[in-house]
Amino acid sequence: MEAALAQARRARAIGEVPVGAVLVVGDRIVAGAFNQPITANDPTAHAEVLVVREAARALGNYRLTDAIVYVTVEPCLMCVGAMIHARVGTVAYGAPEPKTGALESTGDRRPFPFTTISGILATDCREKLRDFFAARRKDEARP
């Protein structure tokens, strides 16, 4: 999760919502990515989608059955769908996302074809988001 938090810092540095993800197979980080929908003008450029794309290219296979995706925030429905189609084995996330989190927070507790682990470094992950949005609100309040 530390590596995913480092990716989140990269997102923050360019003005993106600080969400980061890494994809691990065995003991090796195969891919890392961070949110980029604003800079890429692409609403699908979430960290999870980008990390799955990068890993599939690196491994030469769209099936990522032995992979663990570590992401700083609970994935949205789009990202969950991408990880289902990639056949990711495990999704581990830090902070819950009460508005759009599609694994546990929105109440749709359907069975997923991957293992879910929540709460990894949750405080650190949550603080990244809280600090980002507090700074954004402060900037917007300035005349």
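**Strands, cysteines and a pocket**

In strand E4 (residues 90-95), threonine 90 is the bridge partner of isoleucine 68. Strands here are DSSP runs of E with at least two residues, helices are runs of H or I with at least four, and both are numbered from the N terminus. The model is a predicted one, so local features need pLDDT of at least 70 and side-chain atom pairs count only at pLDDT 80 or more, while totals for chains, interfaces and linings use all residues. Residues are numbered from 1 along each chain as its sequence is written, and side-chain values use heavy atoms, with hydrogens and water left out.

Back to E3 (residues 67-73): five of its seven residues are buried, so the strand is largely enclosed by the rest of the structure. Buried means under 20% relative accessible area, exposed means over 50%, and partly exposed is in between (1.4 Å probe, protein chains only). Five bridges link E3 to E4, and the two run parallel. Two strands count as paired if DSSP finds at least two bridges between them. Together with helix H4 (residues 77-85), E3 and E4 make a right-handed β-α-β unit; right-handed means that, with the strands pointing away from the viewer, the path from the first strand over the helix to the second runs clockwise.

Strand E1 (residues 20-25) also joins E3 through five bridges, this time antiparallel. Leucine 23 has valine 69 as its partner in E3, and valine 25 has alanine 67. Valine 25 also has a partner in E2, namely arginine 28. Six bridges hold E1 and E2 (residues 28-34) together, antiparallel again. The two strands form a hairpin with two residues between them, and glycine 26 in the turn has a positive phi of about 65°. Five of the six residues of E1 are buried, so E1 is largely enclosed by the rest of the structure.

What about the cysteines? A disulfide is taken as a pair of cysteine sulfur atoms within 2.5 Å, and the count comes to zero. The sulfur of cysteine 76 is 3.7 Å from the closest cysteine sulfur, in cysteine 79, which is too far for a bond. Cysteine 125 is in no disulfide either, with the nearest cysteine sulfur, that of cysteine 79, 15 Å away. Cysteine 76 counts as buried because its relative accessibility is 15%, and cysteine 125 counts as buried at 1%.

Finally, helix H5 (residues 122-141) gives the most to the lining of the largest pocket, with three residues.
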